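This report describes one protein chain from its computed geometry. The sequence and the model are shown first.

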Amino acid sequence: MKKRKFKSFIALQLDEFVLYQLSSGIWIKGPDYNLFNFDAFLYREYRNGTVLTEEMLKWCKCRVSEKLSTCYKRTHAVWDFVEFSNSKGWSDLCVERIRKWEPCTYEPHFFTKEELKTRLYIHVCGNGRSDIHQRISMQQLHHIVVGFCRPND
């Protein structure tokens, strides 16, 4: 199998970074393919570059079609390289890393005593899911719902 090589102006630094990651046990198989994609971007867009700059890290910005978790997965190896590069003194970039996860926007529905008394929760829980009621008895469903009630109601 042919080994991929870095081509950009930071190819030697990327090779040293990969060796560090492999020798320290952080990576087991080899470099992340997105590191090669970033290198190809630098080779294509900044062929005459000499030092890594913040402008070159525009490749790491979240794309319109991406969620934050996808962007994190695509760019985490590059951010690790930037931190490694800063620690070696090759660059002095202070760029904020993208968060790994988006904050949860789910808000649970708390049933009121009135909803529980009139069993309106059956409609709420089973909206479009009548197959659930065939597998769960009414008593089991009531115990599940009561667990999600507000304690002060």
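This is a predicted model: local features need pLDDT of at least 70, side-chain atom pairs count only at pLDDT 80 or more; totals for chains, interfaces and linings use all residues.

Residues are numbered from 1 along each chain as its sequence is written, and side-chain values use heavy atoms, with hydrogens and water left out.

**The chain as a whole**

The secondary structure of the protein chain comes to 7 helices and 0 strands, where helices (H or I, at least four residues) and strands (E, at least two) are DSSP runs numbered from the N terminus. Of the 153 residues, 32% count as buried; buried here means under 20% relative accessible area, with exposed set at over 50% and partly exposed in between, for a 1.4 Å probe and protein chains only. The accessible surface of the chain comes to about 11,400 Å², of which 53% belongs to carbon and sulfur atoms, the areas being taken from the Shrake-Rupley method with a 1.4 Å probe, and for residues only the protein chains shown count as cover. Among contacts with a separation of 6 or more, residues 24 or more positions apart account for 52%, a contact being heavy atoms within 4.5 Å.

Helix α3 covers residues 68-88, and its 21 residues should span 30 Å at 1.5 Å a residue, which agrees with the 28 Å between its end C-alpha atoms; the expected span is 1.5 Å times one less than the number of residues. Just after α3, G89 takes a positive phi of about 85 degrees.

Helix α2 has 13 residues and reaches 18 Å from its first C-alpha to its last, close to the 18 Å expected. Its buried residues, among them F36, D39 and L42, pack against α1 and α3.

**Cysteines and buried serines**

How many disulfides does the structure hold? It holds 0, a disulfide being a pair of cysteine sulfur atoms within 2.5 Å. C60 is in no disulfide, and the nearest cysteine sulfur, that of C71, is 7.5 Å away. For C71, the closest cysteine sulfur is in C62 at 3.9 Å, which is too far for a bond.

| Residue | Relative accessible area |
|---|---|
| C60 | 1% |
| C71 | 0% |
| S8 | 8% |
| S85 | 3% |

S8 lies in the segment before α1, and a polar contact of 2.4 Å joins its side chain to that of D39; a polar contact is a pair of N or O atoms within 3.5 Å, where within protein one must be able to donate a hydrogen and the other to accept it, and residues adjacent in sequence count only if both atoms are side-chain atoms. Leaving aside neighbours within four places in sequence, S8 is in contact with L14, D39, L42 and Y43. S85, placed in helix α3, is in contact with W90 and S91 when neighbours within four places in sequence are left aside.
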